Amino acid sequence: MKDSQVRIRIPIHHPKEHRQASLAEEGSGSIATSLQKNKLIQQQPDTRGTLPIGVKPNRRTTVVPSAVNSVDTALPIAGAAVHDTRAASPLQVPLPHLRPSAGRAPRWGSRRPWLPFAAMAGVLVLAMAVPALMAWPRQTAQPVPPSSRTAAPAAPSVTAKGGTPVTRLPGVPPIPAVPAAPTRSVPVVAEPDVRVYVTSTGRTETLPLEQYIVGVVAAEMPPSFEGEALKAQAIAARTFIARRLLADDTSGAPAGADVTDTVKHQAYISKAKLTREWGHSGKSTELAKIQQAVRDTKDTIMVYEGKPITASFFSTSNGYTENSEDVWAKAVPYLRSVSSPWDKQLAPRYTETVTLSRQSVFDRLGLSRTAIAASTGGGRMPEIRILSKTEGHRIKKIEVGGSIFTGPEIRNKLGLRSAEFTWKAEGDRIAITTYGYGHGVGMSQWGANGMAKEGHTATQILLHYYTGISFAQASRILS
């Protein structure tokens with residue numbers, strides 16, 4: 001080697017020496033700064049190819065430096081004493097992966113001494129809040145009864161048939177066809193029996209209330225009427241008999257009977273006759289329609305101030321119904337005069353003309369020839385003059401041959417269909433034209449059918465013809 005060549009000494013250290021030196025420094029907890037390292041390196045003797053005494057070479061030379069230490073701190077310091085740690089206790093040499101990284105502050109450093117207390121306070125608050133949240137009231141869905149888990153069918157909308165405009169009536173609210181049953185359960189009451197005197201056989205027939213109503217509806221209203229009209233008739237018929245049963249009223253009926261089968265009470269067709277003449281004579285469809293109307297209104301009656309009403313009804317109005325006092329001399333609050341414009345349009349016998357002889361009129365009214373001659377000045381025809389009319393546009397007072405009669409008296413004595421009439425003398429005869437049919441108090445049956453055709457329900461029909469009434473269950477009233 002020539003003198004001009006510069007010799008450079010590079011210290012060689014064994015990897016094991018690297019590792020043990022690092023462990024020794026880490027065990028003593030001292031970390032040399034970069035300046036101290038430089039000074040030690042300058043004072044270090046030549047140790048090429050030498051190993052510390054007592055240190056055996058180790059084949060495993062992998063060194064894992066700390067993620068935060070610099071390269072300088074990961075290297076061993078040359079000339080530093082290397083301790084043999086083979087016999088040292090594990091507690092004396094902390095493992096590198098458990099040692100805090102160099103330069104990192106402890107988790108709970110002195111700069112934030114409040115953190116442990118804040119964490120403990122948060123834990124306490126959470127421990128107190130969890131039970132309170134668990135006990136907080138919440139709304140849960142109620143279990144659906146097995147019987148009501150199927151969706152109820154939607155109520156059909158009420159519309160006028162054939163596009164006919166619905167006549168708007170004051171005081172008639174849009175309510176369902178049949179009153180809803182009470183929400184709370186009531187004890188089941190046995191259906192009462194009705195004793196009907198059948199005039200054709202002279203015997204009294206006893207049958208359940210609902211079966212009796214079927215016979216009444218079949219006798220009182222044409223089965224061709226609308227279903228809602230038939231329902232209204234069924235409720236009216238049931239109300240009529242419920243009132244008599246509640247009052248134990250058997251007036252006008254033979255002993256042992258509650259009512260007769262005539263219009264004196266309510267017309268009625270016996271069960272045997274219905275089976276024989278309706279069920280087996282091609283009218284089974286009409287009978288089934290009536291039976292359905294009775295079932296749909298089962299146990300429903302009309303009441304006023306909690307009591308069954310006098311549910312009077314008649315065939316055809318003259319366009320209005322009557323106040324009760326104009327027919328029966330007694331004012332009833334729910335039997336008031338109301339309009340009924342449907343009858344004139346639908347009833348086939350809305351008007352009817354009868355011709356009577358002069359002598360027949362005298363005889364039926366109880367007028368003598370002498371009285372007639374005196375009132376007419378010796379003329380042949382009696383003088384007829386209307387004195388007043390009712391709110392229902394019927395004759396209230398009328399003078400005939402000098403005598404004064406009420407409209408209902410004339411109707412009954414002459415056998416007229418209505419108390420509203422006009423007359424025309426034709427020689428020795430008198431032609432009398434009537435409008436409507438019946439006494440005019442309560443529900444008009446043809447008017448009810450007209451309302452049903454326009455889309456009104458059974459209860460709307462009844463609320464129109466019976467002022468201020470409500471609905472109840474016959475079983476509860478009679479019990």
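This is a predicted model: local features need pLDDT of at least 70, side-chain atom pairs count only at pLDDT 80 or more; totals for chains, interfaces and linings use all residues.

Analyst: Residues are numbered from 1 along each chain as its sequence is written. Local features need pLDDT of at least 70 and side-chain atom pairs 80 or more, while totals use all residues, and side-chain values use heavy atoms, without hydrogens and water.

User: Why is α5 called oblique to α6?

Analyst: Helix α5 (residues 209–220) and helix α6 (residues 227–247) pack at about 125°, and their axes are 9 Å apart. That angle makes α5 oblique to α6, because under 35 degrees is roughly parallel, over 145 roughly antiparallel, 65 to 115 roughly perpendicular and the rest oblique.

User: What makes β7 and β11 edge strands?

Analyst: The open sheet has three strands in the order β7-β12-β11, paired antiparallel. Strands β7 (351–357) and β11 (421–426) each pair on one side only, and that makes them the edges.

User: How do you know that β11 pairs with β12?

Analyst: Six bridges join β11 to β12 (residues 429–435), and pairing takes at least two DSSP bridges, so the two strands count as paired. Within this antiparallel pair, T422 stands opposite T433 in β12.

User: How confident is the predictor, as its average pLDDT shows?

Analyst: The protein averages a pLDDT (confidence per residue, from 0 to 100) of 76, with 61% of the residues scoring at least 70. Over residues 1–6 the pLDDT is below 50.

Notes:
Contact means heavy atoms within 4.5 Å. Axes are lines fitted to C-alpha atoms, for helices over the stretch in contact, and angles run from 0 to 180 degrees between N-to-C directions. Helices (H or I, at least four residues) and strands (E, at least two) are DSSP runs, numbered from the N terminus.
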